[in-house]
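Welcome, and thanks for opening the viewer. Please load the structure shown below and keep the selection tool handy, and we will walk through it stop by stop.

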Protein chains: 2
Amino acid sequence: MGKKISHKLKIIPLGGLNEIGKNMTAFEYNNEILIIDCGLSFPSEEMLGIDVVIQDITYLKKNEEKVKGIVFTHGHEDHIGSVPYFLKEINVPLYGTKLTLGLINVKIKDKKNLGKVEMIVKEPGQAFKVGCFGVEFIRVSHSIPDAVSVVLTTPFGKIVYTGDFKIDYTPIDGQAIDLGRFAELGNEGVTLLMAESTNVEREGYTMSESTVGITFDNIFRASTTRIIVASFASNIHRVQQIVNAAQMNDRKVCFSGRSMVNVSEVAKELGYLKINEDTLIDIKDLDRYPDNEIVLVTTGTQGEPMAALSRMAKGEHRNVQIREGDLVIFSSSPIPGNEKSIKNVINLLYQKGAEVIYEALADVHVSGHACKEELKLIHALVKPKYFIPIHGEYSHLKTHSELAHQMGIPNENIFVLSNGNTLEITQNGAKMGKNVPSGKLLIDGLGIGDVGNIVLRDRKILSEDGLMVVVVSVNKSTNTIVSGPDIISRGFVYVRESEELMLGAKKVVKESLTNCLDNNIKDWASLKSAIRNSLREFLYRTTKRSPMILPVIMEV
Amino acid sequence: MGKKISHKLKIIPLGGLNEIGKNMTAFEYNNEILIIDCGLSFPSEEMLGIDVVIQDITYLKKNEEKVKGIVFTHGHEDHIGSVPYFLKEINVPLYGTKLTLGLINVKIKDKKNLGKVEMIVKEPGQAFKVGCFGVEFIRVSHSIPDAVSVVLTTPFGKIVYTGDFKIDYTPIDGQAIDLGRFAELGNEGVTLLMAESTNVEREGYTMSESTVGITFDNIFRASTTRIIVASFASNIHRVQQIVNAAQMNDRKVCFSGRSMVNVSEVAKELGYLKINEDTLIDIKDLDRYPDNEIVLVTTGTQGEPMAALSRMAKGEHRNVQIREGDLVIFSSSPIPGNEKSIKNVINLLYQKGAEVIYEALADVHVSGHACKEELKLIHALVKPKYFIPIHGEYSHLKTHSELAHQMGIPNENIFVLSNGNTLEITQNGAKMGKNVPSGKLLIDGLGIGDVGNIVLRDRKILSEDGLMVVVVSVNKSTNTIVSGPDIISRGFVYVRESEELMLGAKKVVKESLTNCLDNNIKDWASLKSAIRNSLREFLYRTTKRSPMILPVIMEV
């Protein structure tokens with residue numbers, strides 16, 4: 001190919017480090033790049049108006065011809081969510097298990113601009129090649145079925161990339177994590193372990209998913225009222241357990257909320273969700289059944305304002321009104337930052353007379369991530385030479401690196417990386433290489449990356465104190481104000497009740513403009529800045545607020 | 001007074017029900033009103049740009065001549081914070097313990113427009129009168145010294161109003177809650193108990209404040225580095241314990257953050273904080289001492305962006321740079337909604353090489369509120385005829401009413417009220433009366449209540465998609481566009497990179513205006529709505545965003 005051959009294996013995380021979400025790691029050897037996962041993250045509070053956040057893939061676009069494919073660990077948004085954006089830039093084959101690719105297909109099937117997408121289903125244990133990389137999936141447990149760890153075979157040995165996982169000895173589908181394969185790999189020798197860090201700060205073990213089913217059965221059996229359960233749509237094992245408990249207690253099941261309806265449909269089609277045909281009812285037929293024969297499975301565990309459960313709580317749902325006695329179960333735990341919204345929904349439900357059960361009150365949720373002792377077990381089995389903690393904020397990565405050290409890896413073989421770092425492995429060992437571009441691309445509507453710091457700063461100013469548009473016409477030959485100043489304000493004060501303030505504002509602007517014109521200052525920049533300065537000072541003095549001020553000067 | 005005498009005792013909560021904060025309750029008998037507490041609350045997420053929230057006191061203003069005084073339970077913001085706003089409307093005497101009034105004085109001493117404020121210090125156990133009401137304070141424990149419950153003696157018997165409290169048998173200042181007095185009152189007969197509900201959902205007992213001191217001493221003794229402790233400034237017992245641990249381990253103490261400096265100053269002056277003069281050092285002199293001889297006590301437990309600790313974490317603090325090895329202790333627990341900001345600060349501290357200890361890792365915090373078993377004890381001692389749960393969201397009030405019922409109060413004697421409700425007690429019993437105005441007054445800068453729903457809605461639109469101002473001059477006699485359309489956008493897209501979009505927008509506006517003018521449509525409302533509609537449709541189609549559109553049409 002005429003390019004220099006480097007004889008280095010490069011590991012380049014492009015997302016998921018020092019953050020929760022937008023997971024993506026590139027593995028590069030000579031002229032070939034393999035990517036694991038391609039997820040999105042959700043905007044933080046200060047990213048006003050932003051819908052989702054994706055990776056900066058400048059480096060991959062520059063090396064487009066090298067990219068051989070993307071390999072997926074599982075079908076959660078933070079691992080597959082940016083696929084539509086990625087494929088628009090670089091169209092490569094996608095490798096994953098059946099459900100993972102099925103969920104990706106839901107995302108891209110309507111997108112005509114993507115062209116044909118090659119999707120290749122692989123089973124755990126089935127070896128395949130992506131470029132020069134040998135690839136193998138190992139079955140793991142997680143809060144979505146069909147999750148896998150990825151093993152890469154490279155010229156410098158094996159890499160084990162756990163993806164999200166937990167160790168569940170009694171999973172719902174009977175498909176337990178393949179600890180034997182981890183052990184085998186460990187015995188043969190593993191060069192590098194990259195393991196997730198989400199729950200590394202929690203002691204002990206995560207409970208088995210099946211413990212939740214027992215709780216559901218007990219609650220359903222004791223209840224004589226309508227039951228509404230909120231859950232993540234993608235947690236199909238959870239949904240299966242709700243369905244099972246419903247069937248055992250002679251209740252019909254109704255799905256509500258767009259993602260719950262979509263995902264359960266895909267999961268049923270692909271055989272991951274088993275439900276008797278006469279159990280499932282349509283939301284429009286709810287009222288045909290007595291309350292004690294219904295379980296409504298819905299979205300909205302995080303108090304999202306537009307989710308089905310939130311709309312029910314606010315009395316804004318088209319088909320479901322919360323009634324005295326309804327039993328609402330949050331089968332979830334709050335994602336940090338959502339506590340307040342969730343509490344609001346719970347209060348609204350209580351006020352409508354519902355009974356509410358959430359994690360603090362009963363065992364209606366377990367995590368999908370490995371706690372400390374589970375992580376130790378994986379370290380003990382895999383016994384890698386090098387270690388990179390992945391999937392977590394800095395505190396998680398730091399704590400995981402300490403755990404790795406306790407498990408016997410020397411500190412110089414542990415790499416706490418940031419997105420855009422490069423770790424180079426050669427025959428001589430591992431060391432940090434040159435950084436590549438990395439960062440957050442903000443998506444607002446159809447725009448990708450066109451909302452930057454200046455736009456966000458303006459949105460922040462606008463959100464706090466609103467704006468004032470000052471319109472004035474001046475005659476530059478006579479140095480006089482012809483009409484105005486007129487003032488339009490939005491998000492500042494309710495104008496009808498603030499006439500005096502508006503009169504004062506006009507007076508101040510008029511004075512400062514007249515002053516300029518009298519002194520023959522009439523270039524636009526000076527006039528605009530006179531308007532801005534005088535008005536800003538006046539408004540801050542009288543209201544202690546600083547709205548955005550937009551002067552519009554017309555020349556006549 | 002010529003007014004009808006009602007022979008009713010009215011209890012009118014004006015804040016603190018179905019919410020956390022802005023506590024205030026009015027007690028009215030004939031022509032006299034006594035108020036307990038006068039606090040503020042902090043804005044929720046959707047109240048863009050709002051600083052604080054206070055009560056609607058329309059009812060009290062209408063009955064201004066009846067109001068005889070405000071009695072305070074303790075000096076936290078949610079109990080004293082709206083005093084400056086209240087006094088501007090109604091100037092009445094304030095009754096409280098020494099520290100509570102000292103903290104109120106800090107708030108109002110610079111406010112010249114308030115006139116002279118009468119503040120009367122009362123000790124627990126000392127009986128006094130406010131109008132026709134007999135008043136007595138009972139010492140309780142809380143996360144601020146000098147907290148009390150209030151006992152009102154009325155023609156219909158005694159009312160016990162707990163305020164915020166916990167039961168601490170081993171408080172730092174030796175001033176334990178006066179359980180004996182609660183028992184005595186219970187034995188004599190109490191008509192109504194109003195008890196706080198903050199921790200009613202937590203099982204068991206809150207630990208004693210003194211347990212935290214032991215943890216501090218252990219941590220300080222083991223540390224060889226600089227120690228930084230974040231705490232609420234008003235938690236003077238906590239600050240005292242930090243100071244004690246510092247002195248025992250030969251460390252100097254330095255206060256950082258405006259409220260920490262102010263409150264510790266007042267507390268020292270009034271004798272609530274005891275600290276050796278040579279222990280205290282100024283923040284400017286920090287570098288004169290070795291790291292292992294320093295404890296920095298700072299604000300910022302909730303990750304507030306402008307607080308001292310957050311500025312240190314971001315590297316923006318003038319006097320303190322976080323260094324490798326610094327030990328940072330969060331002596332606090334997250335207030336719901338702040339989890340994410342706190343986590344951000346912790347990550348920044350970790351990244352600067354600090355060690356961080358927070359509640360999950362060690363016993364460096366206890367709550368100031370009574371848990372279930374403590375509340376039961378108060379119910380058991382006071383044995384009231386009627387009960388009103390106060391201070392909490394609906395779920396708290398509901399749970400507390402269930403607890404009261406378990407403790408033997410018949411359901412018909414338990415009143416779960418909302419702000420603005422009136423409970424009337426007469427010789428015949430208690431029943432609901434007419435509602436009075438109540439609600440949230442939003443404070444933005446100097447404006448009180450001038451930001452309403454329309455302004456907030458505009459701020460929300462502006463915060464999500466920004467705005468576009470369209471400026472155009474038309475000649476209405478020739479039906480032509482003279483100049484423009486020009487477009488100014490803010491918070492929408494970064495204009496320099498979106499020239500094509502702006503050209504398209506101008507074209508669309510021009511077409512729709514020309515179309516109107518050609519058809520001799522030239523009233524302003526129609527022209528403006530033509531601009532808005534065509535541009536909105538164009539922008540949504542091309543960007544999936546809906547900025548606010550402000551048309552400015554000039555006639556020439």
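Start by selecting A:Gly368, which sits in the loop of chain A between strand 17 (355–357) and helix 11 (372–382). Keep in mind along the way that this is a predicted model. Is A:Gly368 buried or exposed? It is buried, with a relative accessible area of 6%. Now show what surrounds it: apart from neighbours within four places in sequence, A:Gly368 is in contact with A:Ser141, A:His142, A:Ser143, A:Phe165 and A:Lys166.

**Stop two: a "binding site" from the record**

The unreviewed entry places the feature "binding site" at A:Ala233, A:Ser234, A:Asn235, A:His365, A:Val366, A:Ser367, A:Gly368 and A:His369. Select A:Ala233 from that list next. You will find A:Ala233 in the loop between strand 13 (227–230) and helix 7 (236–248) of chain A. A:Ala233 counts as buried, at 9% relative accessibility. Setting aside residues up to four places away in sequence, A:Ala233 touches A:Val239, A:Ser259, A:Met260 and A:Val263.

A:His142 belongs to the loop between strand 9 (133–139) and strand 10 (148–154) of chain A, and it is buried at 7% relative accessibility. Which side chain makes a polar contact with the side chain of A:His142? Look to A:His76, at 3.3 Å. Beyond four places in sequence, the residues in contact with A:His142 include A:His74, A:Asp164, A:His237 and A:His369.

Then move to A:His391, in the loop between strand 18 (386–390) and helix 12 (394–406) of chain A. A:His391 is buried too, with a relative accessible area of 5%. Among its contacts outside four places in sequence are A:Glu19, A:Asn23, A:His79, A:Tyr161, A:Asp164 and A:Glu196.

**Stop four: aromatic rings**

Stay in chain A and select A:Phe216 and A:Phe220. Both lie in helix 6 (residues 210–222), four residues apart, which is about one turn of the helix. A:Phe216 is buried with a relative accessible area of 0%, and A:Phe220 is buried with 2%. In chain B, the rings of B:Phe216 and B:Phe220 have their centres 5.8 Å apart and their planes at 55°, so that pair is tilted. B:Phe216 and B:Phe220 are both buried.

How many aromatic pairs are there over all chains? A search of the whole structure finds twelve. For another group of rings, select A:Tyr95, A:Phe128 and A:Phe137, which form one aromatic cluster.

**Stop five: a strand in chain B**

Switch to chain B and select strand 9, residues 133–139. Seven of its seven residues are buried, so strand 9 of chain B is largely enclosed by the rest of the structure. In a regular strand, side chains alternate between the two faces of the sheet. Here B:Phe133, B:Val135, B:Phe137 and B:Arg139 point one way, while B:Gly134, B:Glu136 and B:Ile138 point the other way.

Strand 8 (residues 128–130) of chain B pairs with strand 9 in the antiparallel sense over three bridges, with B:Lys129 opposite B:Gly134. These two strands form a hairpin with two residues between them, and B:Gly131 in the turn has a positive phi of about 60°. Strand 10 (residues 148–154) of chain B also pairs with strand 9 in the antiparallel sense, over six bridges. There, B:Leu152 is the bridge partner of B:Val135.

Finish by selecting A:Cys38, which is buried with a relative accessible area of 0%. B:Cys38 is in no disulfide either, with the sulfur of B:Cys132 20 Å away. Over all chains, the count is zero disulfides.

Notes: Residues numbered from 1 in each chain as written. Chains lettered and ligands numbered in written order. Predicted model: local features only at pLDDT ≥ 70, side-chain atom pairs only at ≥ 80, totals over all residues. Heavy atoms only, no water. Disulfide = S-S within 2.5 Å. Buried < 20%, exposed > 50% of the residue type's maximum accessible area, 1.4 Å probe, protein only. UniProt positions renumbered as here; feature names shortened; annotations may be inferred. Contact = heavy atoms within 4.5 Å. Pairing = 2+ DSSP bridges. Polar contact = N/O pair within 3.5 Å; in protein donor to acceptor, adjacent residues only side chain to side chain. Phe/Tyr/Trp six-rings, centres within 6.5 Å; stacked < 30°, edge-to-face > 60°.
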